[in-house]
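Hi everyone, thanks for coming. Have the sequence and the structure open while I talk, and follow along with me.

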4 protein chains.
Amino acid sequence: MSKTIKKIGVLTSGGDSPGMNAAIRSVVRTCAYHNIECIGIYRGYQGMIEGDFKEMGPRSVNNIINKGGTILKSARSKEFMTEEGRKKAHSNLSAAGVEALVVIGGDGSFTGGLVFNKEYDFPIIGIPGTIDNDIYGTTHTLGYDTALNTVVEVIDKIRDTASSHNRLFFVEVMGRDAGHIALNAGIGAGAEEILIPEEDLGLDRLLESLRKSKLSGKSSSIVVIAEGDKIGKNVFELKDYVEENMPEYDVRVSVLGHMQRGGAPSCFDRVLASRLGVKAVESILDGKSNYMVGLLNDKIELTPLEQAIKGHSQIDRELLRVSDIMTT
Amino acid sequence: MSKTIKKIGVLTSGGDSPGMNAAIRSVVRTCAYHNIECIGIYRGYQGMIEGDFKEMGPRSVNNIINKGGTILKSARSKEFMTEEGRKKAHSNLSAAGVEALVVIGGDGSFTGGLVFNKEYDFPIIGIPGTIDNDIYGTTHTLGYDTALNTVVEVIDKIRDTASSHNRLFFVEVMGRDAGHIALNAGIGAGAEEILIPEEDLGLDRLLESLRKSKLSGKSSSIVVIAEGDKIGKNVFELKDYVEENMPEYDVRVSVLGHMQRGGAPSCFDRVLASRLGVKAVESILDGKSNYMVGLLNDKIELTPLEQAIKGHSQIDRELLRVSDIMTT
Amino acid sequence: MSKTIKKIGVLTSGGDSPGMNAAIRSVVRTCAYHNIECIGIYRGYQGMIEGDFKEMGPRSVNNIINKGGTILKSARSKEFMTEEGRKKAHSNLSAAGVEALVVIGGDGSFTGGLVFNKEYDFPIIGIPGTIDNDIYGTTHTLGYDTALNTVVEVIDKIRDTASSHNRLFFVEVMGRDAGHIALNAGIGAGAEEILIPEEDLGLDRLLESLRKSKLSGKSSSIVVIAEGDKIGKNVFELKDYVEENMPEYDVRVSVLGHMQRGGAPSCFDRVLASRLGVKAVESILDGKSNYMVGLLNDKIELTPLEQAIKGHSQIDRELLRVSDIMTT
Amino acid sequence: MSKTIKKIGVLTSGGDSPGMNAAIRSVVRTCAYHNIECIGIYRGYQGMIEGDFKEMGPRSVNNIINKGGTILKSARSKEFMTEEGRKKAHSNLSAAGVEALVVIGGDGSFTGGLVFNKEYDFPIIGIPGTIDNDIYGTTHTLGYDTALNTVVEVIDKIRDTASSHNRLFFVEVMGRDAGHIALNAGIGAGAEEILIPEEDLGLDRLLESLRKSKLSGKSSSIVVIAEGDKIGKNVFELKDYVEENMPEYDVRVSVLGHMQRGGAPSCFDRVLASRLGVKAVESILDGKSNYMVGLLNDKIELTPLEQAIKGHSQIDRELLRVSDIMTT
């Protein structure tokens, strides 16, 4: 029965991440491989509502595997949160003959997809695309590995100047709800301390840790801070606090910001995107719906979308201990 | 009993790989964390024979986490293959009070370590450091992820010129016995065909595949070839063969060579190195010997060294299929 | 009179180089700025013969300033060497209303342009695009600066592994007639010796230099060799020769090849391309013909095409001395 | 007379910049080449006051040509601004037998050197090391070219996400007094508008320019802003102002900060550093004092230090026009 699907739509939604283009390419070519038509939907759910569609053959995705961003563009759509908006979207899909959707995005995008699925019984498969790695059901979201490399490369540069001047740097990285980037890039960059949303280090322990670092003979220090850390001060307030309490330190702040979302994807993200795209399309052809494809124990597996949304991707507590030992 | 170990030696051996320095740093700092002395042994087993040792405190490994190569240098030692050589090595270790060894290297290095262990009952823990990813007991060897990124970045550049001239490129990458680099970097770089030691594509299928690629409207083609592929011709002979049989192609060859071993390690390799180093030292303190530490299902696990050496790290057959679909 | 020109064609020809796209973008947008139409000609002179043209508005060149290769493709055209071919080309240009040409390429491309100009009195302005920097009338050709960075980055990686193993590497870089890349990248990469077409170091002096390097306590050595060096042996023969005469050395060879032509252009090449494109179009509007635009003393200047072709871009002899001092 | 100099000191001072290590290496090796002793002075003038010196032979600068930062460290010294401080410094230099100084830094560092020279008639040669390119007497300061590449690479990444979301980004780059980085990197990154200290664009023209850009069909816009721009609002106030006046825009801000000072130097900066170091030492040996070595018309030339300090490095006005045309 499910084999009768003849046309699949693909869209990217939410914050873009490196590897989204590689995933689009994979979805498009897997469709071509199975002689299914593929429709690219521009600007996420908003483009669905506006009927901003384009047929995509296998050559339309040449030379995009290594490009950051998303050729299908992304947008947040308030209109899709209304019944009216979703009705328009559905009617556009029907008119275009699209029978199933691959949604590349984060949990907000999946939530929208789930609502749509429930209203219209429309088959949806999600591909986790976000640099934050905060989705349950996959050890790696698309773009996360690339973002880690971007962050450590930038901190390597900051370390050059920190070492030359014996300075302390606070580097803020992305991660409102999850400390994956801060924790892994912090270890990778040899940070002296790491602040993440998952635990509140506390101001006292931060000062203590910086004193220890100074005493141990280190000439410079980097503290990596996730946006959503729980220390109770933003990064600029933190600078003031530390300078007040440790006048021997000349603190500099660097907020990495949006550059973390861009850039050519790493090989890991390109291969992962290729695998996820194949699995997403073939799951649809197998009659599956409301699943997310993800990487678990180095295999591509399905997780129910609801679980992916409600679950929480835990940080690896072992890494906190590794980070601690590394600052000896 | 095992807790009485007070001094650990660390060495790098065989071909160097990015992440070796990060692993040395981790071993040194984990020793310091546990109040164990750490001795760096230069130039692998050869330095062991020559007593080329140096005490390493936690500050001696500052600012090396992001450096390619190995500050302890590496060498192949013929002398260590002799009983005489190993005797000298053991006597140097004894004189220096070294009671256990962490060996960072590939299967050749582990084999040497195993022989040494059997003769002198000397505790050894291996850390898999090689770009080839050809070691059983870990899904990723140190340096493999970095090498993949190096290769796709170079092929991205070659693709620029290939596309501009509608050319066919044969790109030879490392991998005498294992096609991991070729297969993954080939998919990551969007290669039209991939030749690996694990299977013989055959000359006819190569030509057929290139014809298909041409017919599909692709303006350029990249074929990624592992050193140890089984097609029966070296890369330059292959160029001649293809040009004879498909005169419409102007084939260029690029042999990537040693650059694949160098460069700043990726964040993945830095974090992996940090985790492996901690586990290696703590396994010794737990009384373990003759194990390799490795990454299995995203956890650091022990595998008996003998198994690591004799086993074979299989390529992921699913990736062959993904590669096939991607060239649609 | 010259102000009556209403349509300009632009093409890329010969080997591609980073910055060609930035130059195309600049030509297209400068045309738009002056309300001139711009026609892109695909695949160089061959596309001119085949009438492979496309109108290019300012938005057609969005997001290409940072892309390697050339979106107009390049090709070598035997047909354009014939009168018949050039006749077809001229008739296509006339039919399309193209009244002047901007040719982005090397001296081969300029020579073709000059012949065409003489036969048809067709206004031509050249933009020097080649990584070799071998064109008279500009201190920098487009792509040269990028290629230098590519080469030093690769040699930095090779240095990692060379240092780890105390090895000697021969690295062959592009440059059949000119040693600019080898000389500058050699100094930039800290090479112990540099072989260029402009002077024959001689086998004896090479050996002597390597001995000196060994004696001075260097643990590894890199020799950078231009393709067109005059030492009388290719790089593999040279390896054999040195290993025979200095058995203490284990020599490795790396031929960098086509990757040197690709990659995102450096900021220098992007700015230079932007400046050259403006000057090329405005020179045509000023009634100029048969000139090359180039960078001289940090200003964009015109050089007669004939002079650019016949002249020879000299290496800076001072650099040979700097290189010598640096290997102290 | 001047030939009697037997020992030269070298220091880095002020903000660090990529290429400082390459310059140190060049000074050290040029000294060795001429059989002069070389003394490294740590932490700039402060280390001079504290006698923090180290003899540097040619092997002490192995493998630093490609490292960012400065192995001699840098610091700002208030003490050196006092007579007392300079007296200590001079007495330390005398005790160590140092007879001349090479000062690598910006105009603040040169001013300090000049005062010292006047008080003690101590020969000083300056090497311009700062990313800002704001020194008279050289078309390029050390680190400037590298910083430009760092900035365009980061903006390339930001462009990925800007294009995917049709957003407007304000990117603040370094340059308190000089717009060289903003102007060149802005053109290189294809910025829609560039704000520099050298001219006040005005808020109205900025809005007009953004409207024009929107109308022209551009899907995203990048505005590059030098720290010291004259528009009268800081980058965050500017965001608010634009969002108020152009509610169709969702503006994001990125302040690049200190990463611009770090990283491996470009080939250009490495070669320039090598040339400047040779000339600095040989100028001392020629009896010169109180000069800065710089690049003028592709040659290394001397400029009196006073002139270098008082003069002002002008931006190239032609580039403003090129930038304007490029945004057509």
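Let's begin with one proline. Setting aside its neighbours within four places in sequence, C:Pro197 is in contact with C:Gly175, C:Arg176, C:Asp177, C:Ala178, C:Gly179, C:Ala226, C:Gly228, C:Asp229 and C:Lys230, where contact means heavy atoms within 4.5 Å. C:Pro197 sits in the loop between β7 (193-195) and α7 (203-215) of chain C. Helices and strands here are DSSP runs, numbered from the N terminus: H or I with at least four residues for helices, E with at least two for strands. Is C:Pro197 buried or exposed? With 9% relative accessibility, C:Pro197 counts as buried; buried is under 20% relative accessible area, exposed is over 50%, and partly exposed lies in between, using a 1.4 Å probe and protein chains only. C:Pro197 and C:Pro123 are 74 residues apart in sequence, and 35 Å apart in space, C-alpha to C-alpha.

A quick word on conventions. This is a predicted model, in which local features need pLDDT of at least 70 and side-chain atom pairs count only at pLDDT 80 or more, while totals for chains, interfaces and linings use all residues. Residues are numbered from 1 along each chain as its sequence is written, chains are lettered from A and ligands numbered from 1 in the order in which they are written, and side-chain values use heavy atoms, with hydrogens and water left out.

Now, how do the chains relate? Two copies of a chain are related by a rotation about an axis and a shift along it. Chain A superposes on chain B through a rotation of 180 degrees with 0.0 Å of shift along the axis, and the RMSD is 0.0 Å. That is the relation of a two-fold axis. Which residue of chain A comes closest to the rotation axis? A:Asn297 does, with its C-alpha at 2.3 Å. As for the interface, 100% of the interface residues of chain A are also interface residues in chain B, so the copies meet through the same surface.

Chains C and D come next.

Let's look at two residues of chain D. D:Asp298 is in the loop between β10 (291-296) and β11 (299-304) of chain D, and at 25% relative accessibility it counts as partly exposed. Leaving out residues up to four places away in sequence, D:Asp298 touches C:Thr139, C:His140, C:Asp316 and D:Arg275. D:Ser26, in helix α1 (residues 20-33) of chain D, is buried, with a relative accessible area of 0%.

On to helix packing in chain B. Two packed helices are described by the angle between their axes and the distance between the axes. Helix α1 (residues 20-33) and helix α9 (residues 267-285) of chain B pack at about 40 degrees, with axes 7 Å apart. Axes are lines fitted to C-alpha atoms, for helices over the stretch in contact, and angles run from 0 to 180 degrees between N-to-C directions. α1(B) and α9(B) are therefore oblique to each other; under 35 degrees would be roughly parallel, over 145 roughly antiparallel, 65 to 115 roughly perpendicular, and the rest oblique. Among the residues that meet are B:Ser26 and B:Val27 in α1(B), and B:Ser274 and B:Gly277 in α9(B).

Helix α7 (residues 203-215) and helix α8 (residues 235-245) of chain B pack at about 60 degrees, with axes 11 Å apart. α7(B) and α8(B) are therefore oblique as well. Their contact includes B:Leu207 and B:Leu210 in α7(B), and B:Leu238 and B:Tyr241 in α8(B).

Last, some backbone angles. Most residues other than glycine have a negative phi. B:Lys73 has a positive phi of about 60 degrees although it is not a glycine, and it is in the loop between β3 (53-55) and α3 (83-96) of chain B.

Conventions: Least-squares fit on C-alpha atoms with pLDDT ≥ 70 in both.
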